Amino acid sequence: MNAASTEFRRRVRMALADDQLKQAMNRAKGGFVLKRQKAIAEFPEFHQMRDAARDIKDHVLTNLDLYLEIYEKKVLENGGEVHWARTAEEASSIVEDLCSKSGARKITKGKSMVSEEINLNEKLEKSGIQVIETDLGEYIVQLASEKPSHIIAPAVHKTRDQISKLFYQHHKPLGYANCVSERKDIVQQARSVLRNHFVESDIGITGANFLIAETGSSVIVTNEGNGDLTSTLPRMQIVVAGIEKVIPSLEDLSVFLRVLARSATGQEMSAYTSLYSGPRADNTYEEGPEQYHVVLVDNGRSSMLGSEYQSMLRCIRCGACLNHCTVYNAIGGHAYGSIYPGPMGSVLTPLIGGYENNVDLPNACTLNGLCKTSCPVHIPLPDLLRQHRTQQQRRKLSPFTGRLIFMIWVYLVRRPHFYQIVLALPIWLLNRLGRQRGVIKWIPLAGGWTSSRDFPCPSARTFQREWRNQMRQFND
Amino acid sequence: MIDARSSLFTALRTVLTGGEQRSALAHRAIEDRVQSIGLSVRPRITQNLVDQYCNKHIAVHGTVNRIIGLDNIVVATEEYCSNQQLGKDLVVGGGTILDKVIWPSEWSIHKRSASVSDQTVVSEAYAGIAETGTMVFIPTNENPASHIFLGTDHIVVLDSSLIVECQEDLWRTIKSDYEVFPRAVNLVTGPSKTGDVEQTIEYGAHGPARVHLVLIDV
C-alpha cells in the first residue's frame, strides 16, 4: 500500500471516529437533497434544461480554442487583461505578481475553488499579503486553518459550537468581548468584522461560475453578496477561472443559471448573480475597479479534452453529486485529502493531481449512481470512476491484494466450468455456517463486513446448479 | 521559451484539430453561434407578469408595496421605515423615477455612494424578471453598486412596465439599450443570506437583510 493510500485510510478512520463531524454531517444530510427535489418538481422544464446545458458544454468543449479567443478579445475590448496559466504554480505566480506590482497589502477573496486548487492563499501570504476570505463558510475554515470540506458549503463539517468558539478566539482581540452562540449573532459578527476588510482591501479576487464569450463577462453566483463587494470596492479586480468555464452567450448563461441554483441549493435563483465585464468605464466613475484581470488556468484541463474524461469538463461545481453521495456524507470532505471531494473530486483529483497521490479516491465509491442521476450536466461519474479503477489496475497502482483478487476472479470467470466448481465449495460452507439462524455473524477474512452487519445465509446450491436442476425437472 | 498562451492553444488544437489552424469558416460559425438568439429553452410563465413577479419576490423573502403614481413613493418609503423602525436617514440613488421624487425637507437624504454604516438605501432598478422575481441593476454614478450591497434595508423602486418575462428578454433589452455591454449587471433575487452555520438560512450575511420592492404603475 503506498503512502497516499495509507494516509487516506487514516483520514477516513479519523473522520468516522469524529463525533463533532458526525453531528455536523448528520445535520446537513438530506437538506440539500430534499430542497433540490422540491425545486425540480416545481420546474417542469428542468430536464430539458439539463440536456441543453450538457449540449452547450459539449459544443463549447469541441470548439474551446475558438471560444477562448472570442472571450479574450472581448475582455481586451472592454479594457481588461487576460493572463494564461498552464499550471497551478504559473497561475498563483501571475496573481502574486499582479498583487506585488500594485503594492497591495490586503486582499479580499470571494469563494473560488480554482484559487484553492492553485494554492493561492499560501502563495500570497508568503509574500506578506494579508488574504481575507469573505464567504462566511470560507472565512470560518480560514480562521480554523483548514480547507473547505464541500465545494459550495465549505464549513459544512463545523458545528455551531465550534464556529462560536473559533469566532471568540479570533474576534476577541478585535474588541468583540462576548462569545456569540446564536446563529443570527454569529452571522452578524462576521458581517461586522468583514465590512471593514471590504473597504480596506486593495484587490478583490473571485472565481467565476461562467465566462461569457459574447460579452467578455465573468459571472459570479452567490447568496451572501460577498463576491460583489469583493468585485466592486477594491481598485483592482482579479478573476481566476478554469479554461472550461467559457460559454457562448448570455442566453446560454440563462440555461446554466436555471440548473445551477436548483441543483446546488434547491433555489430557483441564487440571491446574487453578477456579470462583470471589465474595469470601470472611466476615472469619473466613482465605484468599480481601475484594473480588471482574468487569469485563465489550464492545470490539466487541456489533457482531459479528447480523453475518456472530457465530460468531467462539463462540471459547473454545483455540489449535487457530493450532497447525494453516501460515502461523502459518512466521511465528510477532508478525508478525501483534496479540495475537490466527493464523486466529482474523486474523478477530477487524479487527473489534476496524479494517480499516484490519489490512488484510493476512485475506489471510495459504492457506484450507486446517485451522483450521475443528480448531475445537472449529465456527467457519467460512476463510469469515469470505473475508468480510473481500470487505469489503476493497468498501471498496477491499486493495492496488490485487490489486484490479486481481481486476477483470480478474471482467471475463474474465463473458465466457467472450473468457476462453478470453485464457487460451490464456499457457498456450501457458508450455508452450513448460517443455515440455522438464516444469517452469518462471522466469516473468516471478512470481519469488515460482519463486524457491523450480518451476512445473509446463501442457498446450499449455487444459482446455476439450481437452474440446471429445475431445467432437468422441467424437461422430464 | 514558448509563452503560456501559445502553449495552451497548441495543446488545445492538437486535440481538437490535429494541430491544424481553424478555418475562416469555423471562426465564422462560432462567431454566429455567439450572436445567435432564441436557442435556449424558455420556462413557461403562466400567470400575469406583474403578479408572478410579486409572488416570486415574496417567495424569496422580499416584501412588496404596489403603488400608483410617483407621488406615492414618499408615502411608501415612510410606511416601510416606520414599520421597520428606521430613521429618515436615507442614501438615495438616481434614475428616471427617483430623480423626480421630492423628499420631505426634514428627512436626511444623501445622494452619494453607500458606506458600511448606512442603514437604509433607496435605489431604482433597471428591470425586473418575472421568471424568478429578480431585480436587475446596472450600476452608474447615480446608482452605484454600493447601494445594492452595503445597506441593511434596501428599498427598490421599479416601474412595473419594466418587468420582463424571462432572463432572455432582459439580455435583449440590455443589448438594445447599451451599445457596449455594461461593466456590471447585478441580478438580485431576495435579501443577502447564508446557510454556512448549521446549513440553516440567516438573512443579512453581507448585503441587505431586507429587500422591499416599491412597484409603481407610472
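This is a predicted model: local features need pLDDT of at least 70, side-chain atom pairs count only at pLDDT 80 or more; totals for chains, interfaces and linings use all residues.
Started with strand E10 of chain A, residues 291–297, and found 6 of its 7 residues buried, so I noted what "buried" means here: 20 or more other C-beta atoms, placed from the backbone, within 10 Å of the residue's own. Strands are DSSP runs of at least two residues and helices (H or I) runs of at least four, both numbered from the N terminus.

Residues are numbered from 1 along each chain as its sequence is written, with chains lettered from A and ligands numbered from 1 in the order in which they are written.

Next I looked up the partners of E10(A), taking strands as paired if DSSP finds at least two bridges between them. Strand E1 of chain A (residues 81–85) runs parallel to E10(A), with 5 bridges; there I found A:Ala85 bridged to A:Val297. Strand E7 of chain A (residues 236–242) is also parallel to E10(A), joined by 7 bridges, and A:Val239 sits opposite A:Val294.

Then I went across to chain B. Which strand of chain B is joined to E9 of chain A? I found E9 of chain B (residues 184–188), antiparallel to E9 of chain A (residues 272–276) over 5 bridges. A:Tyr272 has B:Val188 as its bridge partner.

Last, the whole contact, counting residues whose C-beta atoms, placed from the backbone, lie within 7 Å. I get 75 residues from chain A and 58 from chain B. On the chain A side, helix H11 (residues 183–200) gives the most, 9 residues.

Conventions: Two residues are in contact if their C-beta atoms, placed from the backbone, lie within 7 Å. A residue is buried if 20 or more other C-beta atoms lie within 10 Å of its own, exposed if 12 or fewer, and partly exposed in between; C-beta atoms are placed from the backbone.
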